[in-house]
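The following note sets out several points on the model shown below.

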Amino acid sequence: DAVALADARDPVAVSTAVTTALGVPADVTVVCVDVPGCEHGAILGTADGGTVIFFSMATSFAGAALGAEGLAADVTMLVGNGYVPGHAELALGLLRGEPGVRRLFESRLAAD
């Protein structure tokens, strides 16, 4: 697992950041940003045969579907509904147990 930072609205920047962080495109990409125009970066940053999970109400599902077709991307796209039993414990566990995730949150809180 790795943390990649990029402007989610810039597909090439996202793909480059993910590939640089992992060495290869991601097997699973989760989109949870609250701005439109992030679909193509998630698709480009995901390996052929991988999965993109859209958890954002800003997602254009038609744009994602047409974009995947236009990019000739062989990805499975899922729509998350926002609720999974045990999600809060998992999220807190990631925050507590993954130093990279914790640093990301701490840096953003310090900036506020």
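1. In helix H3, the residues Ala64, Gly67 and Ala68 are buried (under 20% relative accessible area with a 1.4 Å probe, protein chains only; exposed is over 50%, partly exposed in between). Viewed down the axis of H3, these buried residues fall within an arc of 100°, so they line one face of the helix; the arc is taken from the directions from the helix axis to the C-beta atoms. Helices (H or I, at least four residues) and strands (E, at least two) are DSSP runs, numbered from the N terminus.

2. This is a predicted model, in which local features need pLDDT of at least 70, side-chain atom pairs count only at pLDDT 80 or more, and totals for chains, interfaces and linings use all residues. Residues are numbered from 1 along each chain as its sequence is written, and side-chain values use heavy atoms, without hydrogens and water.

3. The other side of H3 carries the exposed residues Ala62, Leu66, Glu69 and Gly70. The cover over the buried residues of H3 includes H2, S2 and strand S3 (76-79). After H3 comes alanine 72, with a positive phi near 55°.

4. Val31, Cys38, Ala42, Ile43, Val52, Phe54, Ala64, Ala68 and Val75 form the largest nonpolar core, of 9 residues (buried Ala, Val, Leu, Ile, Met, Phe, Trp, Tyr and Cys joined through side-chain atoms within 4.5 Å). At least two residues of this core come from each of helix H2 (39-44), strand S2 (46-54) and helix H3 (61-70).

5. Cysteine 38 touches Ala8, Arg9, Val31 and Val33 (heavy atoms within 4.5 Å), leaving aside residues up to four places away in sequence.

6. Leucine 44 lies in helix H2 and counts as partly exposed, at 33% relative accessibility.
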